[in-house]
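Could you walk me through this model in my viewer, one selection at a time? I would like to know what to pick next and what I will find there.

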Amino acid sequence: MDTAELTPNSPEPRARDVTATLTKIYLFTYNLIQFLGFLWIFSSMTVHLVLEGKDSVYHTFRFCWTMMFICQILAVFEVINPALGLVNTAVFPVMVQVMGRNVILFVIFGSLGEMQTRVVVFFVFYLWSVIEIFRYPFYMLACIGLEWRLLTWLRFTIWAVLYPLGTLAEAVAVVQSLSIFDESGLYSIPLPAALGQSISFSFTLKLYLFVMFLGLFINMKHFISQRRRHFLRRELKVD
């Protein structure tokens with residue numbers, strides 16, 4: 001059928017409208033769920049800190065791990081959504097961030113009981129949650145074509161400060177875990193007797209430290225470009 005023959009009431013435009021509406025509903029719901037999850041983590045940590053004082057930081061993993069696991073499992077959709085063309089963003093920078101967090105959460109904190117009572121867990125979880133309680137509402141409003149300028153400014157300003165701090169906290173967690181992996185032999189790669197006993201997983205993590213800061217550079221470059229484009233578009237609309 002020639003596109004010139006399509007009318008507003010023809011099936012094709014209606015199908016596109018329905019698809020666009022369902023996509024908006026899905027994205028809004030996803031961002032809402034993630035926002036509520038990270039808001040719960042942030043609120044829970046804050047309440048425990050106020051009521052229990054500094055001792056609560058040693059128990060952060062115990063009362064937050066379930067919700068954080070759920071949020072990070074759902075974060076896989078952050079990679080799937082742009083891959084399917086549902087959102088207009090680059091896949092690789094998002095994948096770097098999601099996979100990086102999952103290494104810290106599931107491999108280091110989730111696998112090592114000794115790490116779960118370290119102070120670094122508090123700082124990693126707190127920085128992650130503060131970033132996300134501004135990011136997800138920004139995307140929620142974008143789904144319905146709205147923008148709150150204060151929220152936009154916070155989303156593009158706080159992230160630029162907290163993301164490097166979060167990466168630094170993650171690096172501290174990696175460094176603290178090295179000796180534990182060496183002693184436990186967890187995830188070590190066995191070798192033939194002629195070559196030696198095994199390759200400790202800490203060697204992989206040392207390489208990962210380099211990848212982590214490379215990922216920081218990639219994501220900061222992507223973020224600065226994203227920030228520049230967003231505010232440029234807004235200035236052009238005003239003009």
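Start by selecting Glu132: in this predicted model, helix α5 has a kink of about 25 degrees centred on that residue.

Now widen the selection to the whole of α5, residues 119-143. With 25 residues at 1.5 Å each, α5 should span 36 Å, and its end C-alpha atoms lie 37 Å apart, which agrees. Colour the helix by accessibility next: 18 of the 25 residues of α5 are buried, so the helix is largely enclosed by the rest of the structure. Just after α5, stop at Gly145, where phi is positive, at about 75 degrees.

Next, go back into the helix and pick Val121, which belongs to α5. Is Val121 buried or exposed? Its relative accessibility is 0%, under the 20% cut-off, so Val121 counts as buried. Show what surrounds it: beyond the neighbours within four places in sequence, Val121 touches Thr60, Phe61, Phe109, Met115 and Gln116. Try the distance tool on Phe109, which is twelve residues from Val121 in sequence and 7.7 Å from it, C-alpha to C-alpha.

To see the contact, show Thr60, Phe61, Cys64 and Met68 from α2 together with Val121, Phe122, Phe125 and Trp128 from α5. Coloured by class, this contact has seven nonpolar residues, one polar and no charged ones.

Technical notes: Residues are numbered from 1 along each chain as its sequence is written. This is a predicted model: local features need pLDDT of at least 70, side-chain atom pairs count only at pLDDT 80 or more; totals for chains, interfaces and linings use all residues. Side-chain values use heavy atoms; hydrogens and water are left out. Helices (H or I, at least four residues) and strands (E, at least two) are DSSP runs, numbered from the N terminus. Buried means under 20% relative accessible area, exposed over 50%, partly exposed in between (1.4 Å probe, protein chains only). Contact means heavy atoms within 4.5 Å. Ala, Val, Leu, Ile, Met, Phe, Trp, Tyr, Cys and Pro count as nonpolar, Asp, Glu, Lys and Arg as charged, and the others, Gly among them, as polar. The expected span of a helix is 1.5 Å times one less than its number of residues. The bend at a residue is the angle between axes fitted to the seven residues ending there and the seven starting there.
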